[in-house]
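Welcome! Take a look at the structure below, and then we will walk through a few of its features together.

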Amino acid sequence: MNGEINEDVTHRIGVGWTKWRLASGVLCDKNVPLKLKGKFYKVVVRPTMLYEAECWPVKKSHIQHMKVAEMRMLRWMYGHTRLDRIRNEVIRDKVGVASVEAKMHEARLRWFGHVKRRITDAPVRRCERLALGGERRDRDRPKKSWGEVIRQDTAQLELTEDMTLDRRVWR
């Protein structure tokens, strides 16, 4: 209601942990290969954590919370703790999972491409209005908007808004 997503991020992480607990029989079984556990994680747990994340005006703290939750799950799946001093990249590589931050970037940019290509009289989500400059920021609005996050993502990857019109180039 107030434009902040702290509660949404916390809720999504909690739902991810719920799915994790339901799937822990497979994910914590030492007889199941790590790559298969990674595939199962990518299909079951991660989508629940990233549901509707393409419209979030994320801050670094939100991304950090998601990364911490994901790494706790992956370490548990791998069978090691932080005391074993195994780097996050090594665990992600062994399990075959990309970082949650990269997946959030990917989802945001995919949604942005859909927004830019849609027909002009289609219904618009609030986050899309912000990205397209349809609303101005008042005092009680969040400090960071979805449009600002998209501009950072496109600048980081050196993409232009014109590239959204051609799907092959955009992908």
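Let's begin with helix α7, which covers residues 146–156. Keep in mind that this is a predicted model. Which residues of α7 are buried? They are W146, G147, V149, I150, D153 and T154. Seen down the axis of α7, these buried residues fall within an arc of 160°, so they line one face of the helix. The face turned away from that buried side carries the exposed residues A155 and Q156. After α7 comes E158, which has a positive phi, near 55°.

Now for the aromatic rings. Searching the whole structure turns up four aromatic pairs. One of them joins W17 and W20: the ring centres are 6.1 Å apart and the planes meet at 80°, so this pair is edge-to-face. Both residues sit in helix α1, three residues apart, and are therefore separated by about one helical turn. Here is how accessible each one is:

| Residue | Relative accessible area | State |
|---|---|---|
| W17 | 11% | buried |
| W20 | 1% | buried |

Together with W76, W17 and W20 form one aromatic cluster.

Helix α1 (residues 6–27) also holds R12. Leaving aside neighbours within four places in sequence, R12 is in contact with T48, M49, Y51 and W56.

Technical notes
Residues are numbered from 1 along each chain as its sequence is written. This is a predicted model: local features need pLDDT of at least 70, side-chain atom pairs count only at pLDDT 80 or more; totals for chains, interfaces and linings use all residues. Side-chain values use heavy atoms; hydrogens and water are left out. Helices (H or I, at least four residues) and strands (E, at least two) are DSSP runs, numbered from the N terminus. Contact means heavy atoms within 4.5 Å. Buried means under 20% relative accessible area, exposed over 50%, partly exposed in between (1.4 Å probe, protein chains only). The arc is that of the directions from the helix axis to the C-beta atoms. Rings of Phe, Tyr and Trp (its six-membered ring) pair if their centres lie within 6.5 Å; planes under 30 degrees apart count as stacked, over 60 as edge-to-face and the rest as tilted.
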